[in-house]
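Biologist: Thanks for sitting down with me. Could you take me through some of the helix terms, one by one?

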Amino acid sequence: MEAAVALYCPDNFNGDIIVENNGTSNAMSAPDLTTTLLSCQNPDPTVRTQAEAALASAEQTNLADFFVALANELSAEGKDVTVRQLAGLHFKNLLVAKDDALQVEKHNKWKALPTEKRAVIKSTVIGAIRSPVQIARHTAAQACAEIATIELPFKEWPEFLTTLMENVTGTANDDGIKISSLECLGFTCERIALLPDAPEIAPDVTDLMLTTIVDGIRADRPDAIRFAAATALRNSLAFTRKNFENENERNMIMKTICEATQSSDAKVRGAAYECVSAIAFQYYDKLQSYMQTLFELTFATIRNDEESVALQAIEFWSTLAEEEMDLIDVALEYQESGQPVPPEQQCVGYVKAALGMLCPLLMETLTKQDEDVEIDDDVWNLSMSGATCLTLVANTVEDDIVPAVMPFVQEHIKSESWRYREAATMAFSSILEGPGADAIGTYVNQSIPVLLAALSDPNDLVKDTTAWTIGRICDLHVRSIPEETFPTLVNGLAGKLLNETPRVSSQACFGIHNLAAAFSNDNTAETTGTNALSAYMPQLLQTLLQVVDRSDASESNLRICAFEAISVLIQNSAPDVKTVLLQLLPAIIDRLAQSFNMPVLTNEDKEQKEGVQGLLCGLIQVITTKTTREDIMQHCDLIMTNFLQVLQSKNATCHEEALAACSAIASSLEGDFVKYMTALQPFLMNGLRNFEAYQVCTVAVGLVGDISRAIEGAIQPFCDEIMSALMEALQNSTLHRSVKPPVLSCFGDIAMAIGASYEPYLQLSLMMLLQAAQTQAPDDDEDLIDYVNMLREGILEAYTGIIQGLKDGNRTDLLLPYVDAIMSLLEMVAKTRKNDYDNEVLSKAVGLIGDIASSLGVSVKAQINQPYVMQLLQEGHATGDPTIVETSTWANSVVGQILAC
């Protein structure tokens, strides 16, 4: 019997959502919807949960009617404004998602609604923009924009723009209606720009949008309307390429914006400069006719206007510098390929031309520090903006920045005014990146004694910037530091670790970190057994551990900076400090064990505890890589016990660090690691299936590879579950694509470990490899080309490992049915290899050719005797890379033997 079915609705609501016997539904009645929306804000979680469930039920039951009901609620004059706002926001959220796939799904649901229902909904929502209630108008503008985002790119809803244009230009309309209409246009442009793969907006649509917006920004409009119009214009610039190609239209747009920079209202001026910055980014090639005007406007604003506006004017020059950096790089690429630079991609050099006036102006902003602002605060002020811009300028003009800035530095770095001392130091720090060593090196050399003395400056901000500058020097110009000042430098930084403010000590850690990192490519330790750090290692490590224990170590990122400095010191330590590391290891293990007893009363306590545990796991990992199996064997049971306890937390970063540290232990212990496998396996599986925190999944895949190499055949009892998880990862469409190449490569690691026992997994894994091999990238998509190269590396590594594993198990015959498919990948590599700058794909392809030939012999003679095989081998020889040449020579020899048979 067919009967009406009442869906669940909380008892405190006055009605039900009814599914009628004809399969259609009535939307939630107005009183019910009003009550439900308000209940979603109820502090009682039970009431709130019930209300949210009722809304979700209404959505699932009949989406079209639910949209209608929400639109009616939003547009109902006389209703409580809170209810109207909640209705509009819920309407908007039905169409919005952060995840691209979910966003597409929501848009498709809207498109699937009956046309007549959509028309009613659209008419109701756009009508609400004319509400006399400001909050209702504003919310309606947001909801309306979401509908337009879906429909405008497909030339639907022509009434949208004509209605908004009438709202903005109609002389009888209230200013509030004009503002909300312009807001709606701005929201729409902003949302369309974020859509993946959205079609281009038709020119007639952008023309109408632009006409409406420019009308709103006219000088005779009230400030509130001009601000809304300027904001909408900034958001629309991504779609106005055709208009900017037309000189008359471009002149009109630029004239309107430049006039707006002179408004009496600071918000309008700031929004106008945001438009100017957006134009510098989008239409650099169209700026030339306007640069003199923009030069004068921005300089006057930076010098004289209030901070909020001056910041936007500085942003214009920062954007211009970034754009010119990119264009200089593009020009180099064209030069290397012997091609001329297209006119629209040529760098005019506006920043370089403006140096003489721009640099003094920026350095003046550096003296306007806010001494009461903490670095940890979410604050952006004039001196910060000026320093950032100066850094970008230095990277753009390179050596030319030095004579423009160094006179200011030399004049003021010892000034009686702390503001000028700090500004001069910051200016010097800002130009360290960009100029070559020949241009800046002498000044760096001369600066060290001055900077070391300034570490004891009475002003904390000067000390902070000084320590930051020393850290930058250690990072960028360590070879310019005089050898005789090295002890003073290390001791000077170490002396600021314990008793200074957290931000100064944090910068001292940064300096030590960079100083230690400078030894990463130093081969002295390999030949002599020591390096310049060795004498200071015991004291530095001990002091940095004391920093970790400071009561204020959670401020200014101090604890993390200290741990990172310890880690880099260990990584770049010389063999003669191994004794120190072995003394340190038990202390780190003990700290990890004690961390489980840290009290957790708040979320902040929990985050701090888990953060410390992750960092300690990282230290154990780096110590393990610097010691031998015999050195750490006695500690491993305790280490692994602690790691397993860390893995019981629900913190992804902890899991990542603990699993990575397990990799180091496995690589060190080799076969002895097998005793931990049973206890580790559940956590390893959790990591492999953690598709949401894909970094954890990546580390877990790497751990499987390391364990396979370490314990070899002993991994076999765990392989069913591991292989199942790897297959799930490949088949999961939401998993970040960067995880998939290492998953494919992992097949090879497992096959090499278990040999002939890989047979149960062979067919499915080869199918996955063959499927992945079909992925190709268009010529103009650099990111996808790089990804395809990563994918091919993983596939080639997998094939190599599987062939070698089956060869060791005397079962290479299992591969014969798949040889043609494997060879087709090699042919594809030979024909389509792009951007293989390090020849990683080529190297692995050549190695695979040799493995196929040596493992399968004359049975693959026909497949091997192909031009593309010879091409790859010849390209391998031509690289000049000793390792690739050696592999190519071996592969060529094996192939030659087969072809001679």
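Biologist: Which residues of helix α8 (residues 159-169) are buried?

Modeller: F160, L161, L164, N167 and V168 are; buried means under 20% relative accessible area with a 1.4 Å probe, protein chains only. A helix here is a DSSP run of H or I, at least four residues, numbered from the N terminus. Keep in mind that this is a predicted model, where local features need pLDDT of at least 70 and side-chain atom pairs count only at pLDDT 80 or more, while totals for chains, interfaces and linings use all residues. Residues are numbered from 1 along each chain, and side-chain values use heavy atoms, without hydrogens and water.

Biologist: What makes the buried residues of α8 line one face?

Modeller: Seen down the axis, they fall within an arc of 125 degrees, so they line one face of α8. The arc is taken from the directions from the helix axis to the C-beta atoms. Their cover includes α6, α7, α9 and α10, by contact of heavy atoms within 4.5 Å.

Biologist: Why is α42 called roughly antiparallel to α43?

Modeller: Helix α42 (residues 867-878) and helix α43 (residues 882-900) pack at about 150 degrees, with axes 8 Å apart. Angles run from 0 to 180 degrees between N-to-C directions, along lines fitted to C-alpha atoms over the stretch in contact. Over 145 degrees counts as roughly antiparallel, so α42 is roughly antiparallel to α43.

Biologist: Which residues of α42 meet α43?

Modeller: M870, L873, G876 and H877 of α42 do, and their partners in α43 include I884, V885 and L899.

Definitions and conventions. Buried < 20%, exposed > 50% of the residue type's maximum accessible area, 1.4 Å probe, protein only. Helix = DSSP H or I, 4+ residues; strand = E, 2+ residues; numbered from the N terminus. Parallel < 35°, antiparallel > 145°, perpendicular 65-115°, else oblique.
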